Amino acid sequence: MATNLNDVLENYDFTDSIVTEVQWADNLIDLTVVVDYYWDIQDGHDTTRLLKIIFKNCIKADFQTSTELLLTPDEVNKESLFTIVLFKELTENLDKQKHVGIFTTDYSKPWLSVVCSDVMLKE
């Protein structure tokens, strides 16, 4: 679907998509984030697709859950907590590495910040 970060950024909008799964690949250096891709419904399809955002050859992955949530885990709407509000490149030219952020509840701090060699997208 997309073979590099530029393809992903130019052709896909993850706003309002929901993170459904996060896992390390068997090689332990590729991180996969599965999202329920909302924009299929906007484009007239009956259902959404699950898309895999694959961060290749990760050298850093940092998760930040908001500490300002005043609700107990049982009270939190997990879909809201993991709904993407922004997906963007954070820093350019890190010695050919890509620094990418997925933002969910906060536009100023990414829920996930990844430094990797590239980003791919698969269905």
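Two strands pair if DSSP finds at least two bridges between them. In this predicted model, strands β2 and β3 meet that criterion with 7 bridges and run antiparallel. Strand β2 is also joined to β1, again in the antiparallel sense, by 6 bridges. A search of the whole structure returns 2 salt bridges.

**Strand pairing**
- β1 and β2 form a hairpin with 6 residues between them, and L28 in the turn has a positive phi of about 65°.
- W24 has L31 of β2 as its bridge partner.
- Because 6 of its 7 residues are buried, β2 is largely enclosed by the rest of the structure.

**Salt bridge D30–K56**
- D30 and K56 form a salt bridge in which the closest N and O atoms are 2.9 Å apart.
- This pair links distant parts of the chain, 26 residues apart: D30 lies in the loop between β1 (18-24) and β2 (31-37), and K56 in strand β3 (residues 49-56).
- D30 counts as buried because its relative accessibility is 6%, under the 20% cut-off.
- K56, with a relative accessible area of 24%, is partly exposed.

**Salt bridge R49–E123**
- The second pair joins R49 to E123, with the closest N and O atoms 3.6 Å apart.
- R49 belongs to strand β3 and E123 to the segment after β8 (118-122), so that the pair links distant parts of the chain, 74 residues apart.
- R49 is partly exposed at 26% relative accessibility, whereas E123 is exposed at 59%.

Notes
Residues are numbered from 1 along each chain as its sequence is written. This is a predicted model: local features need pLDDT of at least 70, side-chain atom pairs count only at pLDDT 80 or more; totals for chains, interfaces and linings use all residues. Side-chain values use heavy atoms; hydrogens and water are left out. A salt bridge is a side-chain nitrogen of Lys or Arg within 4 Å of a carboxyl oxygen of Asp or Glu. Helices (H or I, at least four residues) and strands (E, at least two) are DSSP runs, numbered from the N terminus. Buried means under 20% relative accessible area, exposed over 50%, partly exposed in between (1.4 Å probe, protein chains only).
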